[in-house]
Amino acid sequence: MDLLAILRIAIRALTRNKMRSLLTMLGIIIGVGAVIATVGLGQGAQQQVQNQIASMGTNLLYISSGSVNKGGIRLGGGATKTLVNDDMKAIEQEVPTIAEAAPGAGTSAQVVSDNQNWYTRVTGTEPQYFDIRNWTFDRGGNFTADDVQRATNVVVLGATVQQNLFGNTDSIGQTVRIGTLPFQVVGVLTAKGQSGLGQDQDDGVYVPITTLQKKITGQDWLQYIMASAVSQPASYAAQGQITALLRDRHRIRPGQDDDFTVRNLADVAQLADESSKVMTMLLASIAGVSLIVGGIGIMNIMLVSVTERTREIGIRIAIGATEGDVLRQFLSESVVLSLAGGIMGILFGVASSIAITKLLGWNILVSPAAMGAAVVFSMAVGIFFGFYPARKAAMLDPIEALRFE
Amino acid sequence: MATLAQVEFNASPLIEAEALKPVIAVEDVHKYYDLGETKVHALRGVDLKIASGEFVAIMGSSGSGKSTFMNMLGCLDKPTSGRYFLEGTDVSQLDKKALAAIRNKKLGFVFQGFNLLSRTTALENVELPTLYAKLDKEARLDRAKEMLKLVGLGERLDHFPSQLSGGQQQRVAIARALANRPSILLADEPTGNLDSRTSVEIMQIFQALNDQGLTIVLVTHEPDIAQFAKRIVVFRDGKIRHDNLVQQRPRAADVLKTLPAIDED
């Protein structure tokens, strides 16, 4: 029998028991739908994480002052005063895989405009900082190297600070006070929203590092250095090179702990990526279980169907159907069942993905690969779970089958 | 049944010389059924030759082995010992696939219970054997229509079995049995579920087909039905007890005229 005739017979047999076929398919529909939706959910989350990491800056290395061991008492990160501006310069100049580096030191202070004030984080840095972090200016511009050189009182406002101090009015050229000192606003950063941890990334102001160190905190050490590697692969090499350089500069003997930490944000990104992948796999495999349950449903119904149609099978064998013909007939019925269920499941999965996106605001990515996999998998389920009933039908003794009432 | 068209069958026409060549040759066939503790000896050494163009009625009480013998003739069952030649081929040696092909192409089955596929039209039922013979769609349709016309159901192609009378259903079954132009028609109590007039009508079709050269083997326990055959073989206790030619065979068409007419629908 040709494939088309087999399919036609299978579809006809299934449409005779529409309700039963639909209920049998339901297992596959829910299974495939759940797989599509959860994989979409996982991939959406993954993409969100990746976007956030991209917004943190590309190929970013974060060197923070580390803990120190004072007579057996280990102080937490940031306790040392050994990370200095010259370290930053050295990293920039001596590590070949580093494109740029910028210092970071900060304190929190009350920032006051004419009639508003806002308690926020004050960070001292150099102009390239914004470039390294991929931050752009909404209004005005950056302070300059010259400003750093002369420790001038200029400030770049984060979007939240701008909003709280000036609302929608232009703040460029205005004066704000940080503590007691007047600063001239030169730029406002573009809003970046919350970070992955829910931190407001726009709540902060930025001044030249020298101004911060000399006029606000009076401390000459750094809390961290931000550096960008020339490429993402280079960032791994840079990590080692920076560690070696800083150990040398800080005269740390072999065997002694580092007094700094070098973190590669690519690692962080990868970790986040891995964890969301694992999450996706987990969700998908739970959903996959329902597919298997659906498959068992198909097997059950096919067994019932074989018993019901014993006489029909007997007739077919008597008039010349081979075992293969009967096997193919019943197998095609289960495959049609599971495949139709799979296709409906995709529609169901996509529809529920859209509904979740609309209702909960979650980011769901429905990938064609997941759809393809769902179709292939549901077909495989049909073949796997349909084989036993089909074989049972094919092996029937025609004499017995013809006598069956 | 004057509508019966001339149809060519694979069987050779009933010529004197050809008639002697057996289509079916059964040699010392035994069949045991192993039912756990007891062994049933259903056939105890059966020898039978049926020539091309013969019309044989097999009779016998239940348990005589005639059904077992029929299943064996139909290649649905294999003898425990002995040999069965179908058109010269020893079918007792063939595998399942080859047997399926023989059932499909050389044999046509007609059953007591009609055994049509329900919710499948008359046309599709008749088409079924040609589907397994891998004929293309057009040829299948043509063949099915031709065979339905042959049994006088040319205008009921799209009826479901439930919409047909018993006689009509049996005619569809006969058309289906003829679909692949077999050389032998095997009929297992084809009139068992039919009233006497319809039974004679079915025998009329059989006689007409036989006239055109089709070999027919018919199982029945009704003596007046067996009379329409050319030869009667009687089974008892797994053996052939009588094997006689029918003297003064009645023509079903003539008998029909003597029966009161009844509405079929």
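These legends describe close-up views of a predicted model. Local features need pLDDT of at least 70, side-chain atom pairs count only at pLDDT 80 or more, and totals for chains, interfaces and linings use all residues. Residues are numbered from 1 along each chain as its sequence is written, and chains are lettered from A in the order in which they are written.

**View 1. Helices α3(A) and α8(A) cross at roughly 135°.** Helix α3 of chain A covers residues 85–94, and helix α8 of chain A covers residues 232–249. Helices are DSSP runs (H or I, at least four residues), numbered from the N terminus. The two axes, lines fitted to C-alpha atoms over the stretch in contact, with angles from 0 to 180 degrees between N-to-C directions, come within 11 Å.

**View 2. Eight side chains' residues line up by helix: D87(A), A90(A), I91(A) and E94(A) from α3(A), and I242(A), L245(A), L246(A) and R249(A) from α8(A).** The residues named make the contact between the two helices (C-beta atoms, placed from the backbone, within 7 Å). By class, the contact has five nonpolar, no polar and three charged residues (Ala, Val, Leu, Ile, Met, Phe, Trp, Tyr, Cys and Pro are nonpolar; Asp, Glu, Lys and Arg charged; the others, Gly among them, polar).

**View 3. Chain B meets chain A.** Chain B gives 21 residues and chain A gives 15. On the side of chain B, α3 (96–105) and α4 (122–132) each give two or more residues. The largest share, six residues, comes from α3(B). This side has 11 nonpolar, three polar and seven charged residues.
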